[in-house]
Amino acid sequence: MRISDIQRCEVRPGQLVEWTISPATIAAAAALPPDPRPPAYIQESHIRTARSVREDGLFVPTWLGTAFDLPGRADLDALERALRGWTLRHETLRSGFRWAGDDMQRFTLDEEEVSLHREVIGDFADAGALIRYLQDRFDAAADALGWPNLIYAAVVREDCTSVYMAFDHTNVDAYSIHRIPDEIHELYTAGVTGRPVSGPSVASYVDFCEQERANADGIDDTHAIVARWREFISRCDGRLPEFPVDLGLRPGGALPAQKLVCEPLVDADAAAAFEAHCRPYGGSLVGILAATSLIVHELGGQPVYRTVVPFHTRLKSEWSDSVGWYVGGAPIEVPAARDFDSALDMVRAELRANRSLARIPLARVLRLLGADFRPTSPDMYSIISYVDARLIPGAPHWDQRKAYGLIRVSYGDQVCAWVNRLHEGLWFACRYPDTDVAYKNVRLYAEGLRDLIASVSAGGRSRVAEPAFS
């Protein structure tokens with residue numbers, strides 16, 4: 001699935017229909033007692049960050065979503081049943097938070113209390129107007145500081161119907177988003193054909209939050225994981241790492257608007273050759289990080305590349321089908337290498353040594369460190385993420401169904417990049433601060449990544465990356 005934004009996911013005119021959590025469900029939620037299961041640390045950190053940024057006077061939408069097509073003019077009743085059935089399948093979608101003083105309390109609705117409200121918004125003849133409407137609507141309906149914080153929409157036409165689903169990040173991660181098109185297709189098709197949907201029940205992310213938090217609260221500031229983060233942060237001058245190239249930002253300046261680049265890197269054959277070369281070192285994730293370390297050293301001159309690598313925390317198979325935010329981070333430090341294979345070797349060693357650190361939420365570690373990490377940006381640090389998405393259910397149909405993973409590009413002072421391996425090759429998406437300097441350096445990074453992968457794929461495997469300046 002290609003990562004994109006709402007502007008680049010092939011939005012086409014048609015009749016717009018929306019589904020939101022019904023007023024009756026909202027009223028039922030308001031009367032609920034607290035659910036004793038706490039938020040995950042990553043959920044709490046996200047919501048507190050959103051509140052902090054909002055108190056500073058800036059509304060920063062951070063929703064995630066998906067877009068995909070159903071064949072023909074959709075049966076809206078069947079689609080509504082599919083959307084509601086899918087929502088009930090994942091408990092986090094009927095669970096939210098409210099403030100009790102400065103504490104966050106969870107509430108969770110029973111399945112029978114959840115219903116959807118359908119509204120026909122009207123016909124849109126202009127794709128640009130529809131895009132603007134959808135973005136503004138999703139910003140309001142999938143707000144981190146409100147509940148409900150999800151919305152579903154369909155653009156109905158005679159030849160096909162495009163479905164759009166947006167969620168606050170507390171409910172979903174990238175893997176969750178990738179699974180949605182296939183799950184909705186299955187439920188919708190079953191609904192219109194009368195075929196029953198079989199399969200085991202799905203484990204609850206809300207239960208996972210409780211378990212993960214209990215484990216995290218079981219450590220103190222003497223734990224080895226906390227000590228490792230303390231050392232890492234101290235070598236980052238007391239901060240979490242930023243992308244180590246000039247982004248043209250003024251220290252202490254206002255949070256800048258962001259831009260997005262999304263484009264193919266290399267085709268399927270080059271992606272396979274790159275993976276084959278990197279496999280002895282751990283695979284393409286190691287390769288992307290090794291390549292990044294070489295390229296940013298060329299661009300920024302830093303002697304050591306430091307970053308936090310995102311890893312999923314679905315460590316048990318019971319969580320594999322569950323919608324939620326199952327992500328942790330592990331720090332790595334990669335000195336400037338003489339060639340690509342040397343960089344691969346160092347990244348492999350760093351990941352082997354530090355991957356287990358992702359099992360303890362970083363927000364818990366920072367709390368134990370006692371440092372003042374009051375967030376002023378929705379991104380705590382820059383990331384480079386790699387996912388081989390080819391085995392995710394529905395992946396062979398993504399191109400035919402025009403399936404996209406959607407990210408909201410709004411404000412931020414970090415660089416966040418995603419490299420996905422798809423059946424057609426490697427896809428690159430990156431959001432970055434909207435400055436001329438950042439544009440130039442992110443462009444050079446993307447070109448350097450493409451050139452190095454192509455060089456390795458063609459057999460120039462030990463060449464030091466030299467970005468193609470243009």
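**Charges.** I looked up the charges of this predicted model first. The protein has 50 positive and 64 negative charges, and their mean positions lie 2 Å apart. Lys and Arg count as positive, Asp and Glu as negative, while His and the chain ends are not counted. I took the place of a charge as NZ of Lys, CZ of Arg, CG of Asp or CD of Glu.

**Ground rules.** Residues are numbered from 1 along each chain as its sequence is written, and side-chain values use heavy atoms, with hydrogens and water left out. In this predicted model, local features need pLDDT of at least 70 and side-chain atom pairs count only at pLDDT 80 or more, while totals for chains, interfaces and linings use all residues.

**Overall build.** I found 12 helices and 15 strands in the protein. These are DSSP runs numbered from the N terminus: helices are H or I with at least four residues, strands E with at least two. The radius of gyration is 22 Å, close to the 23 Å from the globule rule for 470 residues, so the protein is as compact as a globular protein of that length. That radius is taken over C-alpha atoms, and the rule is 2.2 Å times the number of residues to the power 0.38. The C-alpha trace spans about 60 × 50 × 45 Å along its principal axes.

**Burial.** Of the 470 residues, 57% are buried. Buried means under 20% relative accessible area, exposed over 50%, and partly exposed in between (1.4 Å probe, protein chains only).

Most residues other than glycine have a negative phi, and most peptide bonds are trans. I noted the exceptions below.

- The peptide bond from Trp 147 to Pro 148 is cis, with omega near 0°. Pro 148 sits in the loop between α4 (127-141) and β7 (150-156).
- Asp 237 has a positive phi, near 60°. This residue is in the loop between α7 (224-235) and β9 (258-267) and is exposed at 63% relative accessibility.
- Lys 402 also has a positive phi, about 50°. Its loop runs between β12 (383-388) and β13 (404-407), and Lys 402 is partly exposed at 28%.

**Cysteines.** How many disulfides does a search of the whole structure find? The count is zero, where a disulfide is a pair of cysteine sulfur atoms within 2.5 Å. For Cys 236 the closest cysteine sulfur, in Cys 416, is 16 Å away, which is too far for a bond. For Cys 430 the nearest cysteine sulfur is also that of Cys 416, at 7.6 Å. Cys 236 is buried at 11% relative accessible area, and Cys 430 is buried at 0%.
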